[in-house]
Amino acid sequence: MTAVNAAPIPLADAGTPAGPRRRRPRPVRGSRPGWIVYASLGAVLLASVFPFYWSLLIGSGDSSTIRDANRSWIPGGNFFANAAAVIGDPAVNFWPALLNSIISSGLIAASVVFFSTLAGWAFAKLRFRGGPWLLVFVVGTMAVPMQLGVVPLYILFSELGWTGQLGAIIIPALTSAFGVFWMTQYLRQSVPDELIEAARVDGASSFRTFLTVGVPAARPAAAMLGLFTFVSAWNNFFWPFIVLDRQNPTLPVALSLLQSNYFVDYSIVLAGVLLSTIPLLLLFVFAGKQLVSGIMQGAVKG
């Protein structure tokens, strides 16, 4: 007998039908952004920082700096002198105006956060007749320009004798339609209904449930709302310019008096603008870390 030498059958091919070869999975790229993202962020950063640099450049020069075509792009050494001129100008009343801006902006921000959180909790987690339509009405008020209510508001506060006082700019801004909508959407997504039912089973009232469940969950959104409301109230010029007088202005209204003369020294004007932005920059520096951490804690749900 002659032995037949047969080739061994590979184990991988034994018992498996021949078919198309599977492709190896392609390696997943890392989540690190590319140069396009960094270039875009760099362009946005430069566009955001340039107005501050321009204000510092003109505000640290003299009255001829803004008209000098061959000006140096390095800030000069007159900023502190120009800032002292702004602070010492008797027509500006810098320190009382700064205090008025801090008081009014702080009260408006605290009031908007409080009332918006309460209303947002009611619209998001309480069931009552006409709730959705009432929320639509509140959101619809954002389409009404503020300029339409200036004349009635001025007549009202004039009859109350509040013109020239801070209450005239605080009372109309105690709540915000945008704040109500913002807190409603956040609480609707961040607080599960099962948590509210558990609090009710434990015997908590509606307000107690709001304090123990709603307020801790609303902190990230409330921090964002309070920060942006403070900045908006700080920069508000139109209504305070109408209802306040020169003896009791806010800071933007007081700085506008620097341009009331026949000759406008823009180095002093822009130095005053930089002075008005310093409190906002300090607010972002000290509250930025807590704000970002609160947003991240609210975004990550276990």
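In which helix is the place of phenylalanine 137? Phenylalanine 137 lies in helix H4, residues 131–140.

The model is predicted, so local features need pLDDT of at least 70 and side-chain atom pairs count only at pLDDT 80 or more, while totals for chains, interfaces and linings use all residues. Residues are numbered from 1 along each chain as its sequence is written, and side-chain values use heavy atoms, with hydrogens and water left out.

**View 1. Overall chain.** The protein chain has twelve helices and zero strands (DSSP runs numbered from the N terminus, helices being H or I of at least four residues and strands E of at least two). Of its 302 residues, 32% count as buried (under 20% relative accessible area; exposed is over 50%, partly exposed in between, with a 1.4 Å probe and protein chains only).

**View 2. Nonpolar surface patch.** Leu126, Phe128, Leu134 and Phe137 make a nonpolar surface patch of about 360 Å². Patch residues have over 30% relative accessible area and no salt bridge; like charges are joined within 9 Å and nonpolar side chains (Val, Leu, Ile, Met, Phe, Trp, Tyr) within 5 Å. Areas come from the Shrake-Rupley method with a 1.4 Å probe, and for residues only the protein chains shown count as cover. Phenylalanine 137 counts as exposed because its relative accessibility is 57%.

View 3. Lysine 125 and aspartate 193 meet through their side chains in a salt bridge, 3.1 Å from N to O (a side-chain nitrogen of Lys or Arg within 4 Å of a carboxyl oxygen of Asp or Glu). This pair links distant parts of the chain, 68 residues apart, with lysine 125 in helix H3 and aspartate 193 in helix H8 (residues 193–201). Lysine 125 is buried at 10% relative accessibility, whereas aspartate 193 is partly exposed at 39%.

View 4. The closest N and O atoms of arginine 200 and glutamate 197 are 3.7 Å apart in a salt bridge. These two residues are separated by about one helical turn because they stand three residues apart in helix H8. Arginine 200 is partly exposed at 39% relative accessibility, and glutamate 197 is partly exposed at 44%.
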